[in-house]
Amino acid sequence: MEKSKIFDCCVHELPKIHNRAGNITPITGLVNIPFETKRVYFLYDIPGGETRGGHAHRNLQQLIIAASGSFDVLLDDGINKKIINLNRPYFGLHVVPGIWRELINFSSGAICLVLASLKYDEHDYLRNYEEFINFKK
Ligand code: TYD
């Protein structure tokens, strides 16, 4: 959490069951991703030029997927930053706790699917960048 680094966040290739009539990507907790999913949410109807995220979590782990379209995820551990482009529904970015993230450059009609390790808890959020930097010290 306090010590986590952007290098702990990585893109997982998810299973893809190929079919003439379309594909299926199943995601099983502790098999395809390193946590059990307690909550799923998705972002959609995102206006052009809009930024989402802009916060960190104390304990929450997430898998972020571009279920449709594409976007960039900016990751920041208070020292290093990196940008990951997500543009395929069978890749998921695992974001460990204690990482500041911003979601930018959404394509038109993009859908961002998020699998979360915990139920929603506003107390788990670090919404202020200075507060985040203090948390990382
Ligand atoms: P937030 O996590 O800040 O959105 P994003 O990071 O995508 O910009 O959440 C935006 C609002 O939605 C905030 O008021 C909390 C609420 N919310 C819930 O009630 N439950 C949830 O599971 C999530 C993710 C958000």
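**Figure 1. Residues surrounding the ligand in the predicted model.** The shell around the ligand consists of Arg-39, Tyr-41, Leu-43, Arg-52, Gly-53, His-55, Tyr-120, Tyr-125 and Arg-127. By class, these shell residues comprise four nonpolar, two polar and three charged. Strand 2 (39–43) contributes at least two residues to the shell, as does strand 3 (52–57).

**Figure 2. Polar contacts between the protein and oxygen atoms of the ligand.** A polar side-chain atom of Tyr-125 is placed 2.6 Å from a ligand oxygen atom. For Arg-127, a polar side-chain atom lies 2.8 Å from an oxygen atom of the ligand. Gly-53 takes part through its backbone, with an N or O atom 3.0 Å from an oxygen atom of the ligand. The ligand taken alone exposes 530 Å², and the protein buries 62% of that area.

**Figure 3. The largest pocket and the residues nearest its centre.** This pocket holds about 210 Å³ of space. Its lining is formed by 13 residues, and those nearest the centre are Tyr-41, Leu-43, Arg-52, Gly-53 and His-55. Tyr-41, Leu-43, Arg-52, Gly-53 and His-55 also belong to the set of residues that surrounds the ligand.

**Figure 4. Strands that supply the lining of the largest pocket.** At least two lining residues come from each of strand 2, strand 3, strand 4 (62–68), strand 8 (100–104) and strand 9 (111–116). The greatest contribution is that of strand 3, which gives three residues to the lining. Strand 2 and strand 3 each also supply at least two residues of the shell around the ligand.

**Figure 5. The largest cavity and its lining.** The space within the largest cavity is about 40 Å³. Its lining is made up of Arg-39, His-57, Leu-60, Leu-118, Lys-119, Tyr-120, Asp-121, Asp-124 and Tyr-125. These lining residues divide by class into four nonpolar, one polar and four charged. Arg-39, Tyr-120 and Tyr-125 line the cavity and are also among the residues that surround the ligand. Of these, Tyr-125 places a polar side-chain atom 2.6 Å from an oxygen atom of the ligand.

Definitions and conventions
Residues numbered from 1 in each chain as written. Predicted model: local features only at pLDDT ≥ 70, side-chain atom pairs only at ≥ 80, totals over all residues. Heavy atoms only, no water. Near = heavy atom within 4 Å. Polar contact = N/O pair within 3.5 Å; in protein donor to acceptor, adjacent residues only side chain to side chain. Areas by Shrake-Rupley, 256 points an atom, 1.4 Å probe, with all protein chains shown as cover. Helix = DSSP H or I, 4+ residues; strand = E, 2+ residues; numbered from the N terminus. Nonpolar A, V, L, I, M, F, W, Y, C, P; charged D, E, K, R; others polar. 1 Å grid on protein atoms, 1.4 Å probe; cavity = no way out; pocket = protein on both sides within 12 Å on 5 of 7 lines; lining within 4 Å. Points joined across faces, edges and corners; volume = space filled by probe spheres on them.
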